[in-house]
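Work through the exercises below with the sequence and the 3D view at hand. Try each task before reading its solution.

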Amino acid sequence: MGALPVFRWRLAPDGYATRRQLRARGLRPGGQGVAAQLERPRRRREPLVAYLYRVDLAKPVRPMTPSRWAALAAANRARRICPKCRRDAGYVIPTSLGTCVTCVYPEPSDCLRSA
């Protein structure tokens, strides 16, 4: 197996697409390996690289089943629960904070009430 073909940015031939481009067409790579890559040169840094897949070998995206929708809803609901106060924050808790904003930055009045 030889090296991957490398194309300059925006100069890839027809028949190749990135994962995002495949998804926009309702396709997925479907187990195929990377077929080629794009390189976008940058000054004083390594080039940006995008991996390309063959469109003719791509498969249709699998449809969402009711159980998949339920699993996705449960996962998103779990991301809203604060691990410290166990309340639904009403938004996805940022991983940088790890807890809801109320637990990270309590109001001075909250501190007086709990004392």
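**Exercise 1. Decide whether D88 is buried, partly exposed or exposed, and find its salt-bridge partner.**

Solution. Start with the classes: buried means under 20% relative accessible area, exposed means over 50%, and partly exposed lies in between (1.4 Å probe, protein chains only). D88 has a relative accessible area of 43% and is therefore partly exposed. Next, apply the salt-bridge rule: a side-chain nitrogen of Lys or Arg lies within 4 Å of a carboxyl oxygen of Asp or Glu. D88 meets this rule with R80, where the closest N and O atoms are 3.2 Å apart. R80 is partly exposed too, at 28% relative accessibility.

Before going on, note the conditions: this is a predicted model, in which local features need pLDDT of at least 70 and side-chain atom pairs count only at pLDDT 80 or more, while totals for chains, interfaces and linings use all residues. Residues are numbered from 1 along each chain as its sequence is written, and side-chain values use heavy atoms, leaving out hydrogens and water.

**Exercise 2. State how many salt bridges the whole structure has, and describe the one formed by R54.**

Solution. A search of the whole structure gives 2 salt bridges. R54 is bridged to D56, with 2.7 Å between the closest N and O atoms. R54 is partly exposed at 33% relative accessible area, whereas D56 is exposed at 55%.

**Exercise 3. Give the strand order of the open sheet and name its edge strands.**

Solution. Helices (H or I, at least four residues) and strands (E, at least two) are DSSP runs, numbered from the N terminus. Two strands pair if DSSP finds at least two bridges between them. The open sheet has 4 strands in the order β1-β4-β5-β2, with mixed pairing. Its edge strands are β1 (6–8) and β2 (16–17), each of which pairs on one side only. Now look at β4 (residues 36–42) and β5 (residues 45–54): they pair in the antiparallel sense over 6 bridges. Within this pairing, A36 stands opposite L52 in β5.

**Exercise 4. Find the aromatic pair and classify it.**

Solution. Rings of Phe, Tyr and Trp (its six-membered ring) pair if their centres lie within 6.5 Å; planes under 30 degrees apart count as stacked, over 60 as edge-to-face and the rest as tilted. The whole structure has 1 aromatic pair. F7 and Y16 form this pair, with 5.8 Å centre to centre and 50° between the planes, which makes it tilted. Y16 is partly exposed, with a relative accessible area of 25%.
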